[in-house]
Amino acid sequence: MFIPRCAVCDELLSPIPPRENGASRGKICFCNSCIEKWEKAKVEMCPSCYNVSGKCTCTPDFFFKYQPDIPSLCFYTTDSENPASKVIIKMKRQNHSQLFEFITEELGAKLDTTLTKMGIDGKDCIFTWIPRKNKAIRESGFDQGRLLSKGLASYFDAKCLPLFVRIGGKEQKKLDKNKRKKNF
C-alpha cells in the first residue's frame with residue numbers, strides 16, 4: 001500500500017481522487033496546482049507557426065517527408081519548471097503507472113482526432129517505438145517508449161510490434177542537423 005504523490009512536484013495526494021462531474025481523470029497523478037500547469041502547457045504558443053501546442057504541426061525538415069503533420073500534445077523544453085518537461089523526465093526515470101495511463105489517454109485522444117481527420121481507423125495502425133539503450137533499461141527497469149506504444153495500441157485496440165532495433169551510433173540529441181542525417 002502506498003500514498004500517491006503528484007507526478008510533477010511529489011506532493012502527497014489523497015488516495016481517493018476527488019470526483020468532479022463524475023470524472024477523476026488526472027487527479028490520481030497530479031495535484032490541483034500541477035494539473036492546472038499541465039493544462040496551461042497544452043495551450044502554449046509555438047514560436048514558429050503561432051498555433052497553440054495542441055494545433056502546432058511544425059515538423060523538422062528532415063522528417064517532413066516521412067511523417068504526416070501530427071499536432072503536439074505540448075512542448076518539451078529544457079526548463080526544469082515546465083510541467084511537460086517534468087512529466088517526460090519522470091516517465092523516463094520511474095515506471096509511474098498512473099502517469100503512463102494519463103499520458104496515454106491524452107495522446108490517444110489527440111491522435112484519434114488527427115487520425116479521424118485523415119480518414120484512418122486507429123485499429124488499422126501499428127504502434128511501435130524506438131528502443132531505449134540497454135544501459136538505460138537496466139538503470140530504470142523499463143522502456144518508456146514501449147510502455148507508451150503498448151498503451152496507445154490498447155487505446156485503439158490495435159497492434160503493438162517491435163519494428164526497430166538499436167544498432168548503436170551517437171545519441172541524436174547531442175548532434176546538430178547535418179550530423180543527425182549522417183547518423184541516421
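This is a predicted model: local features need pLDDT of at least 70, side-chain atom pairs count only at pLDDT 80 or more; totals for chains, interfaces and linings use all residues.
I will start with the rings. The count comes to six aromatic pairs. One of them is W38 with F102, an edge-to-face pair with 6.0 Å from centre to centre and 65° between the planes. Where in the chain do W38 and F102 lie? W38 belongs to helix α1, residues 32–41, and F102 to helix α4. They are 64 residues apart, and the pair links distant parts of the chain. W38 is buried because its relative accessible area is 2%, with buried meaning under 20%. F102 also counts as buried, at 5%.

The next pair is F127 with F156. These rings are stacked, 5.6 Å centre to centre, with 15° between the planes. F127 sits in strand β1, residues 126–127, and F156 in helix α6, residues 144–156. This pair, too, links distant parts of the chain, its members being 29 residues apart. Both F127 and F156 are buried.

Back to W38 and F102 for a moment: ring pairs join them with F30 into a cluster.

The charged end of R132 sits over the ring of F142, at 5.7 Å from the ring centre.

Last, a histidine. H96 lies in the loop between α3 (83–93) and α4 (97–117). Is H96 buried or exposed? H96 counts as buried, because its relative accessibility is 16%. Leaving out residues up to four places away in sequence, H96 touches R5, A7 and C29.

Methods:
Residues are numbered from 1 along each chain as its sequence is written. Side-chain values use heavy atoms; hydrogens and water are left out. Helices (H or I, at least four residues) and strands (E, at least two) are DSSP runs, numbered from the N terminus. Buried means under 20% relative accessible area, exposed over 50%, partly exposed in between (1.4 Å probe, protein chains only). Contact means heavy atoms within 4.5 Å. Rings of Phe, Tyr and Trp (its six-membered ring) pair if their centres lie within 6.5 Å; planes under 30 degrees apart count as stacked, over 60 as edge-to-face and the rest as tilted. A charge sits over a ring if NZ of Lys or CZ of Arg is within 6 Å of the ring centre and within 35 degrees of the ring normal.
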